[in-house]
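Here are some notes for a colleague who has the coordinates open and would like a guide to a few features. They are set out as numbered points, to be read alongside the display.

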Amino acid sequence: MKSSQLIRVLQTFSKKEFRELQKWVLSPAHNQREDVVRLLDWILQSGILESEAPEGDRRVAFEAAYPDAPYDDDRLRQSMHFLMKVVEAYLLFAEYTEKDTQVRITLARVFRKRQLHKTFLRTLNQAHKEQEKQPYRNELYYRTNYLLQQEQYLALSEQKRLAELNLQEMTDALDIAYLVDKLRQSCIMLSHKQVYNVDYDFELTDFAISYIEGRPELLALPAISIYYHTYKTIGQEDGQEKNFKALKRTMFEHGHLFTNAEIRDIYLLAINYCIQQLNAGRRDYIKESFDLYRKGLEERILIENNILSRWTFRNVVAAGLYLKKYDWVYAFIQDYQRFLEKRHRESMVDFNLAKLYFEKGDYAKARPLLMQFDFDDILMTLNAKTMLLKMYYEEEEFDVLESLLESMRNYVQRKKVIGYHKSNYRNIIRYTRRLLRVNPYDREAKQKLGHEISEAQPLTEREWLLRQLDYEPQQEE
């Protein structure tokens, strides 16, 4: 019973939706079967919708729907079928009536078809007013503008008022709605292509881009501007930086004109672009990503369903620490830890506090936080061990460091670490051991080791290793 489609759908309902559904089921306009009413009452009272509830006894459900009748599984299936139909009708109604302007447009269409001209005009005017009250200026807004213009055109056509036809207004509204949606979809496709190496046809998108560039007034519309600059930033090499700056400006100034889901996607695309630039050696993009993270947090754009991704949490801390915003990072950890999933909260807070203390040089506070936890995430564990490695070396605890290096070697060998990361941590272990064994007074040996470290790939701790050697690259004559 619990695995049925009916129960799975009802498990998504809020308390408010359950109250409305009960009224819906009791209305003869939507349901005339008493067994359906009784079955819904039983479902709501039995506890079967709880995630921890057992499967549920079909016989008990049948007795609730058909008191005093012998058990008949076919009749129970029939009741469940009719209840599902009622639930579907309610969901359609609830979804449709959420959009006030579309409801008014549909009602205006009904009056137009019944040739109630004055009532049609009054209803269409109400739809226009509802439209202007909408907080967003996204693709849905412009598509609704087109529907409004279309209804006006059809009414004028039916009344033979051909000289007054709003053909240009209707065409302009359709063009804008199309351009916004085309660019939005193209950004999604481009992002997907970069991750999964899938080929897509962007010929029509390129035409749309050229069309917009020939009509710069279109870029005054935030819905076109934001997707245009996103596409140019992540999809074309020419002018990437200029388009990224324009994208960031549009996001910050006009982000409120989009739904949270829409603007969140844009933020993530912009942040991914920053990460790509960082991977290419552009360290100035750490501040760019930090600005995006901070704004996204202040506007709660990066918090979805009251949850902040642990990876976003970690990246925010890393960017803040690189910029030496220690007080801000500490406040962030304290203020935003409540948005982390409960199962990851303690480990993520301890790990990131340890990173903060480590960067500040407060090893006495960082070390116990790193030593007491065995993180579930392999790369976080290796990152923690690397911080310990650097602390032990700098504090000259070389015996403890030797033991740690051996445990790291075994850990990397034992775990299924992705190729790049396995090579990186093997190099960290290898060159730290070489660092321990090099004669600190042998300048030639130190220069030789420094040169090897500077050429090694991959090696994320290159700067730290070279700093311990006081290595200076030899100038070519």
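1. A pocket, as the word is used here, is an open set of grid points with protein on both sides within 12 Å along at least five of seven lines, and its lining residues are those with an atom within 4 Å of a point. Please keep in mind throughout that the model is a predicted one.

2. With that definition, the largest pocket has 42 lining residues, and those lying nearest its centre are Arg283, Ala318, Lys355, Thr460 and Glu461. Its volume comes to about 2,200 Å³. By residue class, the lining of this pocket divides into 20 nonpolar, 11 polar and 11 charged residues.

3. Several helices contribute at least two residues each to the lining of the largest pocket, among them H13 (260–279), H14 (285–298), H17 (342–360), H21 (419–437) and H23 (462–469). The helix that gives the most is H15, with seven residues; H15 spans residues 310–322.

4. Helix H19 (378–394) also supplies at least two residues to that lining, and Thr386 is found in this helix. Is Thr386 buried or exposed? Its relative accessible area is 4%, which is under the 20% cut-off, and Thr386 is therefore counted as buried. Leaving aside residues up to four places away in sequence, Thr386 touches Met408, Tyr425 and Glu461, and Glu461 is one of the residues nearest the centre of the largest pocket. Ser309, by contrast, lies 77 residues from Thr386 along the chain, and the C-alpha atoms of the two are separated by 23 Å.

5. Turning to the packing, the largest nonpolar core has 101 residues, of which Leu308, Phe313 and Phe332 touch the most other members. Phe332 is in contact with Leu297, Leu308, Phe313, Val316, Val317 and Gln337, when residues up to four places away in sequence are not counted. Apart from this core lies another, of 29 residues, which includes Ile7, Val37, Leu83 and Val86. In soluble globular proteins, nonpolar side chains tend to be buried together.

6. Thr233 counts as buried because its relative accessibility is 1%. The side chain of Thr233 reaches the backbone oxygen of Asn243 at 3.5 Å. Asn243 is also among the residues that Thr233 touches, together with Gln240, Phe244, Leu247 and Tyr273, again not counting residues up to four places away in sequence.

Conventions: Residues numbered from 1 in each chain as written. Predicted model: local features only at pLDDT ≥ 70, side-chain atom pairs only at ≥ 80, totals over all residues. Heavy atoms only, no water. Core = buried A, V, L, I, M, F, W, Y, C linked by side-chain atoms within 4.5 Å. Buried < 20%, exposed > 50% of the residue type's maximum accessible area, 1.4 Å probe, protein only. Contact = heavy atoms within 4.5 Å. Polar contact = N/O pair within 3.5 Å; in protein donor to acceptor, adjacent residues only side chain to side chain. 1 Å grid on protein atoms, 1.4 Å probe; cavity = no way out; pocket = protein on both sides within 12 Å on 5 of 7 lines; lining within 4 Å. Points joined across faces, edges and corners; volume = space filled by probe spheres on them. Helix = DSSP H or I, 4+ residues; strand = E, 2+ residues; numbered from the N terminus. Nonpolar A, V, L, I, M, F, W, Y, C, P; charged D, E, K, R; others polar.
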